[in-house]
Amino acid sequence: MQNDKNLKHLHRAGVYYLQLNMRKNRVFSNVKMRHALNLVLDKKQLARKVLADGSTPADTFVAPTLAKDQSTGVDFAKEMKPEETHNVAKAQKLWNEGLKEEGRKKADLTYYTDDQTINKNIAQFVQSQVETKLKNAKVEIHAVPAKNVQDNVMRGNFDMYLSLWLADYTDPMSDMDVLQSNNY
């Protein structure tokens with residue numbers, strides 16, 4: 001229906017994101033490995049081919065069109081977009097460096113998601129991107145009822161988990177507060 005002239009998209013001030021377990025001795029406690037994951041995922045392909053619902057890729061944690069920088073008038077998400085959002089070669093280099101720093105030869109990752117079809121499709125996309133583009137990486141998907149997902153996330157029994165944040169008010173801090181270390 002994306003080509004139907006009567007289709008109207010409702011833009012919400014929200015971002016789906018991969019919540020990563022950054023606790024000590026977990027793969028994503030290493031900043032290079034987190035950066036590698038970000039660079040290896042083709043967010044444009046995810047939005048266009050997997051979601052195929054009019055979603056747009058997010059390159060920052062702040063939702064596009066949420067707020068404008070008051071001093072420049074530029075959308076905050078565009079203003080804060082990193083120069084590089086997808087680079088498989090750099091991702092592999094960072095991944096290898098991170099493995100070496102952590103004294104690992106490989107990384108076996110657990111990805112928790114609920115058992116809704118779209119979320120399982122997203123998990124399979126992430127699994128495919130990681131396993132085919134990062135050597136020595138394996139992703140095991142656990143698609144379970146939402147309560148089971150939350151239980152595992154609260155116990156720290158995960159490496160990746162798809163999460164959603166909808167802004168409470170039109171200020172980037174509504175999004176950024178989510179990333180504080182004391183926010184559970």
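User: Why is Glu-101 called partly exposed?

Analyst: This is a predicted model. Glu-101 has a relative accessible area of 48%. Buried means under 20% and exposed over 50%, so 48% falls in between.

User: What makes Glu-101 and Lys-32 a salt bridge?

Analyst: Their closest N and O atoms are 2.7 Å apart. The cut-off is 4 Å, so the pair qualifies. The pair links distant parts of the chain: Glu-101 sits in helix 4 (residues 88-101) and Lys-32 in helix 1, 69 residues apart.

User: Why does Lys-147 count as exposed, and what does Asp-151 count as?

Analyst: Lys-147 has 60% relative accessibility. Exposed means over 50%, so Lys-147 counts as exposed. Asp-151, at 34%, counts as partly exposed. The two form a salt bridge, with the closest N and O atoms 3.3 Å apart. Both lie in helix 6 (residues 146-155), four residues apart, about one turn of the helix.

User: How do you know that the span of helix 5 agrees with its number of residues?

Analyst: Helix 5 (residues 117-133) has 17 residues, which at 1.5 Å a residue should span 24 Å. Its end C-alpha atoms are 24 Å apart, so the two agree.

User: Which residues of helix 5 are buried, and what puts them on the same side?

Analyst: Asn-119, Ile-122, Ala-123, Phe-125, Val-126, Gln-129 and Val-130 are buried. They cover an arc of only 155° around the axis, so they lie on the same side of helix 5. Thr-117 and Thr-132, on the other side, are exposed. The buried residues pack against several elements, including strand 1 (14-20) and helix 2 (43-51).

Notes:
Residues are numbered from 1 along each chain as its sequence is written. This is a predicted model: local features need pLDDT of at least 70, side-chain atom pairs count only at pLDDT 80 or more; totals for chains, interfaces and linings use all residues. Side-chain values use heavy atoms; hydrogens and water are left out. Helices (H or I, at least four residues) and strands (E, at least two) are DSSP runs, numbered from the N terminus. The expected span of a helix is 1.5 Å times one less than its number of residues. Buried means under 20% relative accessible area, exposed over 50%, partly exposed in between (1.4 Å probe, protein chains only). The arc is that of the directions from the helix axis to the C-beta atoms. Contact means heavy atoms within 4.5 Å. A salt bridge is a side-chain nitrogen of Lys or Arg within 4 Å of a carboxyl oxygen of Asp or Glu.
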